[in-house]
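Morning, everyone. Please have the sequence and the model open, and follow along as I go.

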Amino acid sequence: MDKLNKGGWTLIELVIVIVLVGILSLVIVPKISIDDFKKESELNILMGNIRYAQHKSMVSGGGWSIEFQPGGYTIKDGTNKVVSLPGGENPVSVTFNLTATDPKCYFDYLGRPDRDDNSSNSNLYDNFTINFADMQIILNKAGGIDR
């Protein structure tokens, strides 16, 4: 009788471990927010749509634009028509706060941010700033996108 197996767990020890894991999960799980994932997703879609408009503007000789409204934005072609985007909806609605330097940004034939649809003049933005949630996107004069 002295040689009982003492290497296992008792029922009380198992219950205590399960209770501790439950308490830890109640503290940790609420700190994981799905909003961060949504924000990052919407930001990536916005940046992809900006690149799309820049590319189409370079291919067609300029004039494509992105127009910002409360709660979203719209991509338009050189004839000021709303276009079908590869990702789906246009106008695109966003969940988070979205503001910009101006309500509309055109792209010239080199994909640079322009103040109007005339690609032959030199009224480019030095930096066109888009504020999205707590992040900032800057379209620089060379046509690059800084985040």
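Start at P91. You will find P91 in the loop between β2 and β3. The model is a predicted one. The peptide bond joining N90 and P91 is cis, with omega about 10 degrees. Most peptide bonds are trans.

What is its phi? For N80, phi is near 70 degrees, which is positive in a residue other than glycine. Its relative accessible area is 42%, so N80 counts as partly exposed.

A133 has a positive phi too, near 55 degrees, and A133 is not a glycine either. Look for A133 in the loop between β7 (127-132) and β8 (135-140). Its relative accessibility is 30%, so A133 is partly exposed. For context, most residues other than glycine have a negative phi.

Which residues of α2 are buried? Among them are L43, L46, M47, I50 and A53. The list of buried residues also includes K39, E42, N49, Q54 and S57.

Next, the sheet. Five strands make an open sheet, in the order β3-β2-β1-β5-β6, with antiparallel pairing. The edge strands are β3 (92-93) and β6 (113-114), and each pairs on one side only. Helix α2 (residues 34-60) packs on this sheet. The helix touches β1 (65-69), β2 (72-76), β3 and β5. Its direction makes about 20 degrees with that of β2.

β5 (residues 104-107) pairs with β6 over two bridges, in the antiparallel sense. There, F107 stands opposite P113 in β6.

Step back to the whole chain. The protein has two helices and nine strands. Why call the protein more spread out than a compact globule? Because its radius of gyration is 26 Å, well over the 15 Å that the globule rule gives for 147 residues.

The C-alpha trace spans about 100 × 25 × 25 Å along its principal axes. Of the 147 residues, 33% count as buried. The protein exposes about 9400 Å², and carbon and sulfur atoms supply 59% of that.

Last number. Take contacts between residues at least 6 apart in sequence: 51% of them join residues at least 24 apart.

Conventions. Residues numbered from 1 in each chain as written. Predicted model: local features only at pLDDT ≥ 70, side-chain atom pairs only at ≥ 80, totals over all residues. Heavy atoms only, no water. Pairing = 2+ DSSP bridges. Helix = DSSP H or I, 4+ residues; strand = E, 2+ residues; numbered from the N terminus. Contact = heavy atoms within 4.5 Å. Axes fitted to C-alpha atoms, helices over the stretch in contact; angles between N-to-C directions. Rg over C-alpha atoms; globule rule 2.2 N^0.38 Å. Buried < 20%, exposed > 50% of the residue type's maximum accessible area, 1.4 Å probe, protein only. Areas by Shrake-Rupley, 256 points an atom, 1.4 Å probe, with all protein chains shown as cover.
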